[in-house]
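Thank you all for coming; I would like to take a few minutes to walk through one structure with you. Please have the sequence and the model open as we go.

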Amino acid sequence: MRCSRAFIPTLKEVPADAQVASHIYMVRGGFIRRLAAGVYSLLPLGWRVIRKIEQIVREEMDATGAQELHMPSVLPAELWRETGRWDEYGPLLLRIEDRKGAAFCFGPTHEEVVVDIARREIRSYRDLPLNLYQIQGKFRDELRPRAGLLRSREFIMKDAYSFHASAEDASSEYARMYAAYQRIFRRCGLEFRVVEADPGAIGGNESHEFQVLAESGEDALVACQRCAYAANVEQAEVGAPAEPGVRGDGDLEKVKTPGTKTIEAVAGFLNVAQERLIKTMIYMADGAPVAVLVRGDRAVNEVAVKKVTGASELELAQQEQVESATGAPYGFAGPVGLAIPIYADAELEGATGAVAGANEADAHYTGVSLGRDASVRRYATLRLAESGDPCPRCEDGTFELMRGIEVGHVFNLGTKYSKPMAAAISDEAGQEHVMEMGCYGIGITRVASAAIEQNHDDDGIAWPMPIAPYEVTLLPLQMGDESVREAAESLYRELTDAGVEVLFDDRDERPGAKFKDADLIGVPLRVALGKRSVKAGEIEIKWRWEREATTAPLAGAGEAVAALVRAERRRYVERAAEVSRP
């Protein structure tokens, strides 16, 4: 592609609403343009990146035996009501009506639609297993879309759904998709970790997230420094503490603590470490109040609380609900004498000499011993995992905290959707039972942004070769000079004929402007030539991520550059091949 014909509207200024590198450089580099909050047009450069990611996904999905289809994007409400998700999804669902008043939504995911297809068409175990996938635009009405394509309302997703006659076969397909996802992200040039995750609104028995490691990631992860265990902090198990997390002396005593509503304020007023405090949080679990206890310097893991209480809905209690349950305003709740169910973090089992709210304004207890002074219904890991916590899977391993961007998620669904929608088959004995399912998603547009978050510098993007919009950018520095122009045109033809994707900057621009745009756009390999280099019979070659350029003979340059491109392509394919195929 010649730059003189290409639509690449680059910008010098940083967009006012852009804060992360991928958003900044995708706008400045002419990859995307904002249409509305969380809604973007993909310009030609951006679309080329997306199509390359899609192609990698298709190749790997097809290799597993999955089949591509296309489902409608506007979905009837009655399907979603069968599974209860019409109400569960809440405001994330973009709801619309047709001219007859029938309710629809713009699909954020397609479990109900594909199950409807399966229950109509599949009758016997002989028709299984079956894995169907699509690559399609989705819409989720995010309250606060941010960071460009990292958290947009409209996005492109690959969603796959598998159907099985047995739970064992569903687990086998789950392993196959798990391995395929590893190959996909390796081929895309991403550094990632696979972490255990909460199934969330999709549901199911087992799930893993594929997290691209980046400081800008909105997900907090922990990974063991000794073994392979890693998990989202909301899903992470924590090894059993060697001793209680709070140990101290003293008898139970009520003390005045006027105006001290926060952990920091209480610790400062009583001159004790925050670790000596018991934080008491009041939640409404399916409308009923429960108390959750964690150490003063810890944060409550609401996903874990929801599981341990068995609640379908969990929300932090409002002020009037806290006062009704404890008799005290915010900041003074405590476990002593509390008449509602109490759940405590495992770190607090055996806690002695602790400080906790006294369930009255401006008062706290010191010398609290949970085993003696409060009735705890159950101890479990109810806090968010942190750096330094013990690993639950190996001896002496501890957690390291990191940030990640979720680009893929696999779920072993069991019968969560097939059961309420009565998607049943006959087995070998002629008995009817519902199908087992799995679902597997990849955020195609998010992969593009995540790649930039991992591959950029102060000058712009440094795309991995497999998903770069072009493989080589060719920069003739003086297009007005006949020798330079002829050499550049000849090299452009050679590279194109060799199957190399070339962005040919044939504009009549200053060399500095061409170099800046090349760095901003991030094409992996830059080939430059000017009057001096042509006279010397040389070209300049520079990989986008290297500091220094090298020279090569102009004679035979086409084959030499093409060979570099082929070698770089192979590197990613070989990296992906290291993942075995179950």
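This is a predicted model: local features need pLDDT of at least 70, side-chain atom pairs count only at pLDDT 80 or more; totals for chains, interfaces and linings use all residues.

**A buried residue, some rings and a helix**

Let me start with Ile32, which has a relative accessible area of 0% and is therefore buried. Ile32 belongs to strand 1, residues 32–36, and, once residues up to four places away in sequence are set aside, it touches His23, Met26, Val27, Tyr40, Ser41, Leu42, Leu43 and Leu149. For a sense of scale, Ile32 and Arg581 are 549 residues apart along the chain, and their C-alpha atoms are separated by 36 Å.

Let me turn to the aromatic rings. A pair of aromatic rings is described by the distance of the centres and the angle of the planes. How many aromatic pairs does the count come to? The count comes to twelve aromatic pairs. In one of them, Phe185 and Phe192, the ring centres are 5.9 Å apart and the planes stand at 65°, so this pair is edge-to-face.

The charged end of Arg48 is placed over the ring of Tyr470, at 4.0 Å from the ring centre, and Arg571 lies over the face of Tyr572, with 4.7 Å to the ring centre.

Finally, I would like to look at helix 8, residues 302–309, in which the buried residues are Val303, Ala304, Val305 and Val308. What do the buried residues of helix 8 pack against? Their partners are strand 15 (288–295), strand 16 (314–316), strand 17 (342–345) and strand 20 (378–380). At the start of helix 8, a side-chain oxygen of Asn301 comes to within 3.1 Å of the backbone nitrogen of Val303, and just after the helix Gly310 adopts a positive phi of about 75°.

Key
Residues are numbered from 1 along each chain as its sequence is written. Side-chain values use heavy atoms; hydrogens and water are left out. Rings of Phe, Tyr and Trp (its six-membered ring) pair if their centres lie within 6.5 Å; planes under 30 degrees apart count as stacked, over 60 as edge-to-face and the rest as tilted. A charge sits over a ring if NZ of Lys or CZ of Arg is within 6 Å of the ring centre and within 35 degrees of the ring normal. Helices (H or I, at least four residues) and strands (E, at least two) are DSSP runs, numbered from the N terminus. Buried means under 20% relative accessible area, exposed over 50%, partly exposed in between (1.4 Å probe, protein chains only). Contact means heavy atoms within 4.5 Å. A polar contact is a pair of N or O atoms within 3.5 Å; within protein, one must be able to donate a hydrogen and the other to accept it, and residues adjacent in sequence count only if both atoms are side-chain atoms.
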